[in-house]
2 protein chains.
Amino acid sequence: MDSTENQPYNVGKYRTPDGAPADIVIFTITRTEKQTAKKSLPYRELMVLLIRRKRWPFAGSWALPGGFGKESETLFETARRELMEETGVADVHLDYLNVYSKPGRDPRGWMISHAFFALVNEKWLEKRKAQDDAEDVKLFTVTEALNELELAFDHREIIADAYRNIQQQMLVTTIAKEFLPELFTLSELYQVIQTVVPEFKETNFIRKITSTQSRKGIIQVACDASGEKLYSNQYSQRPAQLYRFTDYVPDVSIYT
Amino acid sequence: MDSTENQPYNVGKYRTPDGAPADIVIFTITRTEKQTAKKSLPYRELMVLLIRRKRWPFAGSWALPGGFGKESETLFETARRELMEETGVADVHLDYLNVYSKPGRDPRGWMISHAFFALVNEKWLEKRKAQDDAEDVKLFTVTEALNELELAFDHREIIADAYRNIQQQMLVTTIAKEFLPELFTLSELYQVIQTVVPEFKETNFIRKITSTQSRKGIIQVACDASGEKLYSNQYSQRPAQLYRFTDYVPDVSIYT
DNA sequence: TAAATAGTGTCTCTTAGACATTATGGT
DNA sequence: ACCATAATGTCTAAGAGACACTATTTA
């Protein structure tokens, strides 16, 4: 019935995996200023960080950054360590995505891969850019990565899964904050949501998020020490009210 | 930078995991009829299936059913196979939950465990009950499993995670259907939701799910071949309209 | 006729959705 | 004066939430 029961504690008896790698889908949103006469909102694009492989297997292909798990750490720690090595940042949103274990997925042997996804603010990646060899580590748009690139292993599938996941999470949690500064305007927030979920359309977005009972707790107006409201005119002539996220995340339900 | 790059294809060079088990949290909802004079709704309880271990480690403790992954199958297949062995059913809701890799979690060695959860309709487990040794395989309420039982490995943590997950999914997807017959009354649906999420309270539940534009597509009234509406008086004097789930699952969002 | 569930009426206040309008400040 | 973004006004229809009320059977 239960094969756990029948398993010996003699660990050498059966074929065991050849490794447990952690692969990380590192997402960021890049901003590029529009070349207009007046101040305007930047273009934003959802990017994923890839590495060009130097060795067999899949030498020359692009792949997710990653590395092998060790006995002395959890796979989450493996992922965090790899992320640190790759981007130099420690305190970013890092979440487990899925396991990939299709037979033959890695020609090196029986590799059970654990995919994570990280959300990194563009500002952290800027320093890194310079120090790295531009040939080997690069940001691609998600569309590009999924449709135009030769990817190693089953990394296309992993990126596709991660993309689906981040799109869903964007609408159901407050991960938008990972892509925004501490204080932000509502246009910026709206733009970030749309960058990840292009289908997202909300007329009256400002009003809904600020003044409906059920969700106005998500964000709050930013004030300075003396209680004065803070404004930004970075993207517009008319200064826009700045907001910050609270810790509140509303529960969602299809029945309510 | 990328330790995948530095990994040899000589698979024997590093310490590798001693096994990749799949553990399954099998949930079901049991019904027990109330002993009242009149017809009434049954008590329902969310249960989890556990197995009493016979061997070291954790001999005598209760544990999740599970087994070791093989090189020739995905871990999802491992889980499905174990589920089949355990409950005798194949086509049930089975989903990946999380990976558990804390060092030392299994005294037998470096075991990276993959937890799944399955939602099984009570009717499938009924046959099994008889044929199994009641001492070794048993259904427990989730509360009991979490608070009163001595559990093997990190299975308490896994069950707690699975419980959180199923509660969230219950409100955001239509997994309620896994615990219901093909045709059901709205009281049954409401009761199933409340069994998994006790905090769930909706006055006007009937009206909301049947006649609000945005979510009435979730379920539809059940009709017979000639278009007559179907009713059930299993739980009440007054016959109740029967419904079925459609394939439609509304999108949820905290911003909409 | 009472028990137990099924389902509707009604009222108020809030929200959705669509669109028009006004506000601000720099070039 | 005009541009680009910020924000409010206004109107209608729909929905939320509370609670009282009616309906249907059968023991």
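Visitor: What lies 3.2 Å from a polar side-chain atom of B:Lys208?

Guide: A phosphate oxygen of DNA strand D. That's a polar contact (a pair of N or O atoms within 3.5 Å; within protein, one must be able to donate a hydrogen and the other to accept it, and residues adjacent in sequence count only if both atoms are side-chain atoms). Keep in mind that this is a predicted model, where local features need pLDDT of at least 70, side-chain atom pairs count only at pLDDT 80 or more, and totals for chains, interfaces and linings use all residues. Residues are numbered from 1 along each chain as its sequence is written, chains are lettered from A and ligands numbered from 1 in the order in which they are written, and side-chain values use heavy atoms, leaving out hydrogens and water.

Visitor: Which parts of DNA strand D do A:Gln241 and B:Asn204 reach?

Guide: A polar backbone atom of A:Gln241 is 2.8 Å from a phosphate oxygen, while an N or O atom in the side chain of B:Asn204 is 3.1 Å from a base nitrogen. Two elements give two or more residues to the surface near this strand: β10 (240-241) of chain A and α7 of chain B. Helices (H or I, at least four residues) and strands (E, at least two) are DSSP runs, numbered from the N terminus.

Visitor: How many residues surround DNA strand D?

Guide: There are 24, the closest being A:Ser187, A:Arg207, B:Gln213, B:Arg215 and B:Gln237. Near means that a heavy atom of the residue lies within 4 Å of the strand.

Visitor: How much area is buried between chain B and chain A?

Guide: Interface size is often given as the accessible area lost when the parts come together. Here that's about 6000 Å², with carbon and sulfur atoms giving 58%; the value uses a 1.4 Å probe and is summed over both parts. Each of the two chains, A and B, puts 70 residues into the contact, counted by heavy atoms within 4.5 Å.

Visitor: How many salt bridges cross the interface of chain B and chain A?

Guide: Side chains of opposite charge can pair when their charged atoms come close. The rule (a side-chain nitrogen of Lys or Arg within 4 Å of a carboxyl oxygen of Asp or Glu) finds 2 across this interface. A:Glu71 and B:Arg15 meet in a salt bridge at 2.8 Å, N to O. Elements giving two or more residues to chain B's side include α1 (3-6), β2 (43-52) and α5 (155-172).

Visitor: Where in chain A do A:Glu122 and A:Arg31 sit?

Guide: Their side chains pair at 3.6 Å, linking helix α3 (residues 122-131) to strand β1 (residues 21-32), 91 residues apart. A:Glu122 is buried at 13% relative accessible area, whereas A:Arg31 is partly exposed at 34%. Buried means under 20%, exposed over 50%, partly exposed in between (1.4 Å probe, protein chains only). By contrast, A:Glu85 and A:Arg81 share helix α2 (residues 75-87), 4 residues apart, about one turn; their closest N and O atoms are 3.9 Å apart.

Visitor: Why is helix α6 of chain A largely enclosed by the rest of the structure?

Guide: Because 8 of its 11 residues (186-196) are buried, among them A:Leu186, A:Leu189 and A:Val192.

Note on methods. Buried area is the accessible area (1.4 Å probe) that two parts lose on being put together, summed over both.
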